[in-house]
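Trainee: Please show me the structure, and I will ask about how its parts are arranged.

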Amino acid sequence: MKATRRLFDEDSRLTEFTARVVSCQTDGRTWRIALDQTAFFPEEGGQTCDRGWLAGQQVLHVSEQDHVIWHRLAQPLSEGEEVSGSFDWEKRFWDMQQHTGEHIVSGLVHSLHGYDNVGFHLGSEYVTMDYNGLLTREQLREIEWKANQAVADDLQVDVSWPAPDELAKMPYRSKKEIEGDIRIVEIPGIDLCACCAPHVQRTGQIGIIKLTGMESYKGGVRVYMLCGFRALADYRQKEESSGAISALLSAKADEIFPAVKRQKEECDQLRFEVNRLRMELIQSAIRQLPEAENACLFDPNLDKGNSRRAWNLLCQRFPGLCAVFAGSEQQGWQFILGGGKGSAREAGQALITAFSGKGGGSPQMFQGQISGKRKEIEIFFENHLTSKEI
Ligand SMILES: [Zn+2]
């Protein structure tokens, strides 16, 4: 089949077009339509496809195969029919802002550090770019600054299809081997790259380029970026979030970090104090337990560390098997069990078998979780675990 004429290559601002249906095929559920020409950019190169309408139907997906662009529809169209199409300009423009921003950042990473862009994802939430080398935070800051300088310079984004001999002399970046005519996108002084996606006409249309994060990735780095309106939407979201924190803490917006730090320190201090008091209560509860060989303690407020400390205290006072149960009848019990002469593992196994729980441990100590009524666990503990020599 003849290659589809890519109208977006010629004019990325064209949102309405007419075309002739050259093929209509079905997979049994939906239909895929090839046109002689289209303004719909297909999903490719890590970028999602345009959304829009064709002959009054919503276009479900757009893809490219062997230079033919396929539009997926719920209903068929007739071959030879002339149809009109239009797409969601806002989504396209926002994508072009991100995509052209990527050229600037990748061009700068290449010229300043010699790394290649080896991965690109342009989604509705964020953009990622993968580079095959490491960058420091300071280097990333410098790249971000220079990228925004290129925006402020409002440079022309040039598109051309150079002849092969001309192309051979060009030091252009390329993400993959491309056959046929090579479309070159140039941002003067910043980037020269083979690319088939739509871009803005001038860098000023990108708006702010914000590099929002970086992480190690396959021996290099993955950089997160937002441009233009997506960066503004992100700023608003962060502004709302910091505004809410600021109001909550009665702190000015630029003072929320020390205010949060102070709150955290106070919280840590209180948590320490609560723990200390809780342990005092546990010690008192253990002192009040009747004299016996074995003992078990139930407490709804114990965390893992306190359960262990309570169990140690219990073992210090009672010579036999000791168990601590933290939790409730509704949410289940976390337990630690051991002490005495018997095997904690056997006692623990008996307990989790009787109360459909799970756990594991050594002959000295067994930890697990069970669910059941406190009274029934106490009776089981008394009759089945402690009355016999384990
Ligand atoms: Zn591009």
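Trainee: At what angle do helix H2 and helix H5 pack, and what word describes that arrangement?

Mentor: This is a predicted model, in which local features need pLDDT of at least 70, side-chain atom pairs count only at pLDDT 80 or more, and totals for chains, interfaces and linings use all residues. Residues are numbered from 1 along each chain as its sequence is written. Angles under 35 degrees count as roughly parallel, over 145 as roughly antiparallel, 65 to 115 as roughly perpendicular and the rest as oblique, so H2 and H5 are roughly perpendicular.

Trainee: Which residues make the contact of H2 and H5?

Mentor: Helices (H or I, at least four residues) and strands (E, at least two) are DSSP runs, numbered from the N terminus. Two residues are in contact if their C-beta atoms, placed from the backbone, lie within 7 Å. On this basis the contact is made by Trp94, Gln97 and Gln98 of H2 together with Gly228, Phe229 and Arg230 of H5.

Trainee: Which strands does H2 touch when it packs on a sheet?

Mentor: The sheet is open, has 3 strands in the order E12-E13-E14, and its pairing is antiparallel; two strands pair if DSSP finds at least two bridges between them. Strand E13 (residues 184-187) is joined to E14 by 4 bridges, and isoleucine 184 stands opposite alanine 194 in E14. The direction of H2 makes about 110° with that of E14, and the strands it touches are E13 and E14.

Trainee: Which strands stand at the edges of the sheet of 5 strands?

Mentor: The strand order in this open sheet is E17-E18-E19-E21-E20, with mixed pairing. Each edge strand has a single partner strand, so one side of each is left without a neighbour in the sheet: these are E17 (295-299) and E20 (358-361).

Trainee: How many bridges join E18 to E19?

Mentor: Strands of a sheet pair through backbone hydrogen bonds, either parallel or antiparallel. Strands E18 (residues 322-328) and E19 (residues 332-338) run antiparallel, and glycine 327 stands opposite tryptophan 333 in E19. The number of bridges joining E18 to E19 is 7.

Trainee: Which helix lies across E19, E20 and E21?

Mentor: Helix H7 (residues 304-317) lies across E17, E18 and E19, at about 150° to E18. The helix across E19, E20 and E21 (365-370) runs at about 10° to E21 and comprises residues 344-354; it is H8.

Trainee: What distance separates the centres of domain 1 and domain 2?

Mentor: The domains are domain 1 (5-87), domain 2 (92-236) and domain 3 (291-385), with bounds from an automatic or database domain assignment. Taken over C-alpha atoms, the distance between the centres of domain 1 and domain 2 is 27 Å.

Terms used. Axes fitted to C-alpha atoms, helices over the stretch in contact; angles between N-to-C directions.
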